[in-house]
Amino acid sequence: VREKIRDLKKSFTQKYSSVKFLSEKDRKIILVTGDTGFVSSHLTDKLMMDGHKVTVMDNFFKGRKRNMEHWTSQENFELINLDQIYHLVSSASPPNYTYNPIKTLKTNTMRTLNMLGLAERAGARLFLASTSEVYGDPEGLLGPRKRVAEIMCYTCVKQKGVEVRVARIFNTFGPRMHMNDDRVVSNFILQALQGEPLMVYGSGSQTRALQNTILEFAQLIRKLIASGSEIQFLSEAQDDPQRRKRSLNKAIFYFWKELEYQVNNQHI
Ligand code: UDP
């Protein structure tokens with residue numbers, strides 16, 4: 001029996017050491033999700049034998065690390081025990097996400113569901129980069145733009161126990177932003193730097209988290225850049241929220257309470 005086992009071990013080692021060599025061009029980078037169980041471990045064997053670069057993602061809940069052990073020393077194999085997913089995939093620029101609405105819908109619905117499914121399987125926590133857009137226009141209806149992704153997350157929390165974090169991100173800008181991003185900060189700065197008119201959509205009285213109206217913001221950029229650009233008014237953008245400024249009241253109240261607490265405790 002001992003001999004038989006030795007032979008089996010030998011043939012096993014030989015089998016998995018004859019990995020096909022693939023050139024960089026033909027070698028695919030492949031992700032296998034799900035448990036390191038029965039089917040996925042055999043699929044991984046096939047893909048590895050064919051010479052691809054394989055990453056396996058698992059929480060080892062049902063699967064067994066042992067099913068993949070014969071690959072762990074190979075440099076084109078990676079085993080990931082996934083803890084957290086940051087789902088930041090959607091575009092934030094209105095001209096970009098309205099350019100191909102089907103793609104935007106797919107991204108916010110199907111891709112979010114897929115990621116939630118992955119989070120559930122892997123027992124990982126999912127972070128969703130949501131948007132201040134969900135607040136919509138305070139004067140109007142609650143904005144439906146992108147709210148669906150949040151609802152999917154909350155439903156998965158409730159029904160499947162997936163751990164989720166949601167951040168509603170306001171207007172972002174800074175280094176590494178695309179030149180053609182087409183949102184207000186990059187547009188105004190580029191226009192001012194090139195001596196072109198700063199294009200304000202609508203009256204410019206709408207506000208954003210920059211804590212200014214858009215018209216004041218255009219004037220500020222012109223001043224900071226000492227640009228001779230004029231300000232031009234175009235027609236209002238579609239569904240453009242008129243008021244979207246964070247309120248600092250809560251923060252002010254918090255610090256006021258903190259100060260009060262400090263003052264009161266000094267007397268004790
Ligand atoms: N806006 C503008 N000129 C531009 C780009 C944007 O006046 O070239 C206005 C736009 O109508 C909106 C605000 O600036 O009221 C912020 O728009 P942005 O596209 O940057 O982001 P949003 O906050 O609407 O997602």
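Asp239 is partly exposed because 14 other C-beta atoms lie within 10 Å of its own. On this scale a residue is buried if 20 or more other C-beta atoms lie within 10 Å of its own, exposed if 12 or fewer, and partly exposed in between, with C-beta atoms placed from the backbone. You can find Asp239 in the loop between strand S8 (231-234) and helix H8 (249-266). Helices (H or I, at least four residues) and strands (E, at least two) are DSSP runs, numbered from the N terminus. Although Asp239 is not a glycine, it has a positive phi of about 55°.

Before going further, please keep in mind that this is a predicted model, in which local features need pLDDT of at least 70 and side-chain atom pairs count only at pLDDT 80 or more, while totals for chains, interfaces and linings use all residues. Residues are numbered from 1 along each chain as its sequence is written.

Arg176 also has a positive phi, of about 80°, and is not a glycine. Look for Arg176 in the loop between strand S6 (164-169) and H6. Arg176 counts as exposed because 4 other C-beta atoms lie within 10 Å.

Next comes the ligand. It is surrounded by 13 residues, and the closest are Arg183, Val184, Asn187, Tyr201 and Ala237; to be near the molecule, a residue needs its C-beta atom, placed from the backbone, within 6 Å of it. Helix H6 (184-193) and strand S7 (198-201) each supply at least two residues of this shell, and S7 gives the most, with three. Sorted by class, the shell has seven nonpolar, three polar and three charged residues. Here Ala, Val, Leu, Ile, Met, Phe, Trp, Tyr, Cys and Pro count as nonpolar, Asp, Glu, Lys and Arg as charged, and the others, Gly among them, as polar.

The largest nonpolar core has 16 residues, of which Leu116, Ala119, Leu126, Cys153 and Val162 touch the most other members. Such a core is a set of buried Ala, Val, Leu, Ile, Met, Phe, Trp, Tyr and Cys residues joined through C-beta atoms within 7 Å. Strand S2 (53-58), helix H4 (101-122), strand S5 (125-131) and helix H5 (147-160) are the elements that give two or more residues to this core, and H4 gives the most, with four. Leaving aside neighbours within four places in sequence, Leu116 is in contact with Leu126, Met152, Cys153, Cys156 and Val162; contact requires C-beta atoms, placed from the backbone, within 7 Å. A second, separate core of nine residues includes Val184, Phe188, Ile214 and Ile221.

Helix H4 deserves a walk of its own. Its 22 residues reach 31 Å from the first C-alpha to the last, close to the 32 Å expected at 1.5 Å a residue, where the expected span is 1.5 Å times one less than the number of residues. H4 bends by about 30° at Thr107, the bend being the angle between axes fitted to the seven residues ending there and the seven starting there. Its buried residues are Asn108, Thr112, Met115, Leu116, Ala119 and Ala122. An α-helix has 3.6 residues a turn, so residues three or four places apart point the same way. The cover over the buried residues of H4 includes S2, strand S4 (84-87), S5 and H5. Just after H4, Gly123 takes a positive phi of about 65°.

Definitions and conventions. Two residues are in contact if their C-beta atoms, placed from the backbone, lie within 7 Å.
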